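Please look over the structure shown here. The report that follows takes up its strands and then its helices.

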Amino acid sequence: MTPRQQGFLFLAGFALCIPAANWLIGNVGTYCVPQGPCLIPVAPGIMAPSGVLMIGLALVLRDLVQRRLGVSWGFGAILAGTALSALVAPPSLVLASAVAFLLSETADMAVYTPLQRRGLVRAVLASSLVGLVIDSAIFLWLAFGNLDLLPGQVLGKLWMVLAALPLVHWLRRRDTARRLAQGLA
C-alpha cells in the first residue's frame, strides 16, 4: 500500500470515528444517564462518556492524514469532520460536538505541524494531549454546563492515544526504512 493510499485509509477511519463517537455516547456504557450520556469506566472510580474512545483515536488519525496527504487534506478533514459531527450528533449535543471538534482538531493541527519534523511519535502525543484537553473542556461545558466528567474525558481519550502510539512508531520506522531503500536504489 502506498503512503497516499494509507492516507486515504486514515481519512476514512477518521471520518468513521465521528459517527461512532456520537453513537457510542447515546447507546453504549455501563451506565446511561437519563437524558444524558452513556458512561464507561476509564479508571477505578472515574467515568467518562463512551464516545471519548473514538475522539481520542480521531486526534491521532487526523495527524496521520496530514502526514500522508498534507496540511490541506488535514485541514479539509477537520472541516468535513466538523460538519459530519454536527450532522450525526444527537440534537442536544450538536453545538457542543461541532464546536469542540473544530477547536480541538485545529489546536491538534497547530501543535502537530511544527513538531512533526522533530519526531512523529512526540508530535502525535503532544498534539493529541492538547486536542483532547480542549475537546473535553469545551464539549462538557457546552453540552452539560459543567466540567464534572473532565478527568474521565481526558483519561479516556488519552488511553486511545496511547494505544495508537505503537502504530505511529511503526509507521515512522517503516517510512525511515522506505526512504533509506529509495536512497540506496
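## Strands and hairpins

Strands are runs of at least two residues that DSSP assigns as E, numbered from the N terminus, and two of them pair if DSSP finds at least two bridges between them. The model described here is predicted.

Strand 3 holds P49, and the residue opposite P49 is L39. L39, in strand 2, is also the bridge partner of Y31. Strand 1 (residues 31–32) and strand 2 (residues 38–43) run antiparallel and are joined by 2 bridges. Between these two strands lie 5 residues, and the pair forms a hairpin. In its turn, Q35 has a positive phi of about 60 degrees.

Strand 2 also pairs with strand 3 (residues 46–49), in the antiparallel sense, over 4 bridges. The hairpin of strand 2 and strand 3 has 2 residues between the strands. Here G45 takes a positive phi, near 80 degrees.

Helix 4 covers residues 94–115, 22 residues in total.

Which residues of helix 4 are buried? They are A96, S97, A98, A100, F101, S104, E105, A107, D108, M109 and Y112. These buried residues pack against helix 1 (3–27), helix 2 (52–69), helix 3 (71–88) and helix 5 (120–144).

## Helix 3 against helix 4

Two packed helices are described by the angle between their axes and the distance between the axes. For helix 3 and helix 4, the angle is about 165 degrees and the axes are 8 Å apart. Angles over 145 degrees count as roughly antiparallel, and therefore helix 3 is roughly antiparallel to helix 4. The two helices make a right-handed crossing. On the helix 3 side, the contact is made by V71, G74, F75, I78, L79, G81, T82, S85 and A86. Helix 4 contributes V94, S97, A98, F101, L102, E105, T106 and M109.

## Helix 2 against helix 5

The axes of helix 2 and helix 5 come within 9 Å and cross at roughly 135 degrees. That angle makes helix 2 oblique to helix 5. The crossing of helix 2 and helix 5 is right-handed. Helix 2 makes the contact through I55, L59, V60, D63 and R67. From helix 5, the residues in contact are L120, V124, S127, S128, G131, L132 and D135.

Conventions:
Residues numbered from 1 in each chain as written. Predicted model: local features only at pLDDT ≥ 70, side-chain atom pairs only at ≥ 80, totals over all residues. Heavy atoms only, no water. Expected span 1.5 Å × (residues − 1). Buried < 20%, exposed > 50% of the residue type's maximum accessible area, 1.4 Å probe, protein only. Contact = heavy atoms within 4.5 Å. Axes fitted to C-alpha atoms, helices over the stretch in contact; angles between N-to-C directions. Parallel < 35°, antiparallel > 145°, perpendicular 65-115°, else oblique. Left-handed = near helix turned anticlockwise from the far one by under 90°.
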